[in-house]
Amino acid sequence: MGEISPKERAFKVLKGEKVDRIPVTSLAGCGGTVNVEMQEATGIYWPDAHKDPEKMAKLAIASYELSGLECVRVPFDFVEEPEALGCKIKFGEKVDSVPAVAEHVFNTPEELKMPDNLLELGRIPVVLKSIEILKEKVGDFLPISSLALGPFTLAAMLAGEAKFLIWVLKKPDYVRAFVDFATSIVIEYAKAQYKAGSHIVQIGDPTASPDLISPDQFRNFAMPALIEVANNLDGLKLLHICGKAEAIVPDMADCGYHGISVEESVNIAKIKPLVGNVKILGNINSKRTLLFGKPEDVEAEVKVAINAGADMVEPGCGFAPRTPTRNIKAMVEATKKFGVKT
Ligand SMILES: [Zn+2]
């Protein structure tokens, strides 16, 4: 019997079925799957690739071809939704610049209006088209994941994070109104991603991390929206929250996603008994080991993650653009070596 495809393996794990070995992917996380070396190898560079569906798809496929990582993922940044709603974006001119919101344009709930053509705005059509291309080119073999923001994070981007975090304390009604609005946007965009051909939608909610709000505030403001998003999405779905998320892991597991993606600060062995059937993705150190470490350091961390009970080996928060390909390959090889199920 031949080896099963990476797509089948990832699907089986997320659905709780038995597999030959642990998958090695980067389906979730704030960073992506594409690094600077991959841009140089293909001659396709950021920021162009953020704005062109063909280039985006080609780079996503190159990340598999050049590193062996068992997935493809788009987009490579985190700001499609705020951009579509009118926030100004700074793309940066360098190949390692990550686009960010430069100007937040919403100050009161009255200013929030649901557009009737969301899927035509900003770069949303670019991402959806790129998913369609991926589906056609590699969709039978590799799992395709795509990103939609968590409602709390999107709401904070619309208002500006500093102001929004003050509202959490002083204007809870504003927070609720912004998060409600963001929830509708996220659901519509995520549904369109599945329709375009994405197999797995990642909801990335970094602003809901205990690094920024308390676990009580998470339960109060962010969690109900995450549950509503999960309830409205029929396909495979993942929830990523980075930072020191251990205190909210049981809540994350209760939100209704197939898997949760956590960083290295979260002890997988400790949370394993707390998450029920929800799968744990992680948690190789994105900012230190993968970015600056040696391949043997990566291998050692992969071994630890697998022994701790990771269901899928992934970077804690995606790959930073300057991550060397040799370290991504080391993550892949180490998972193939230590992740075999007996
Ligand atoms: Zn993250």
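This is a predicted model: local features need pLDDT of at least 70, side-chain atom pairs count only at pLDDT 80 or more; totals for chains, interfaces and linings use all residues.
How many residues does helix 15 have, and how far does helix 15 reach from its first C-alpha to its last? Helix 15 covers residues 325–338, which makes 14 residues. From first C-alpha to last, helix 15 reaches 20 Å. That is close to the 20 Å expected at 1.5 Å a residue.

Now, which residues of helix 15 are buried? They are N327, I328, A330, M331, A334 and T335. Look down the axis of helix 15: these buried residues fall within an arc of 155°, so they line one face of the helix. An α-helix has 3.6 residues a turn, so residues three or four places apart point the same way.

What does that buried set pack against? Helix 4, strand 8, helix 13, helix 14 and strand 9.

Next, strand 9, residues 312–315. Both of its faces are covered. M312 and E314 are buried on one side. V313 and P315 are buried on the other. In a regular strand the side chains alternate between the two faces of the sheet. Strand 9 runs parallel to strand 8, residues 279–284, and four bridges join the two.

Last stop, G243. Where does G243 lie? In the loop between strand 6 and helix 11. G243 is partly exposed, because 19 other C-beta atoms lie within 10 Å, and buried would take 20 or more. Beyond its neighbours within four places in sequence, G243 is in contact with S209, P210, D211, E263 and S265. Finally, G243 and C317 are 74 residues apart along the chain, yet their C-alpha atoms are separated by 8.9 Å.

Terms used: Residues are numbered from 1 along each chain as its sequence is written. A residue is buried if 20 or more other C-beta atoms lie within 10 Å of its own, exposed if 12 or fewer, and partly exposed in between; C-beta atoms are placed from the backbone. Two strands pair if DSSP finds at least two bridges between them. The expected span of a helix is 1.5 Å times one less than its number of residues. The arc is that of the directions from the helix axis to the C-beta atoms. Two residues are in contact if their C-beta atoms, placed from the backbone, lie within 7 Å.
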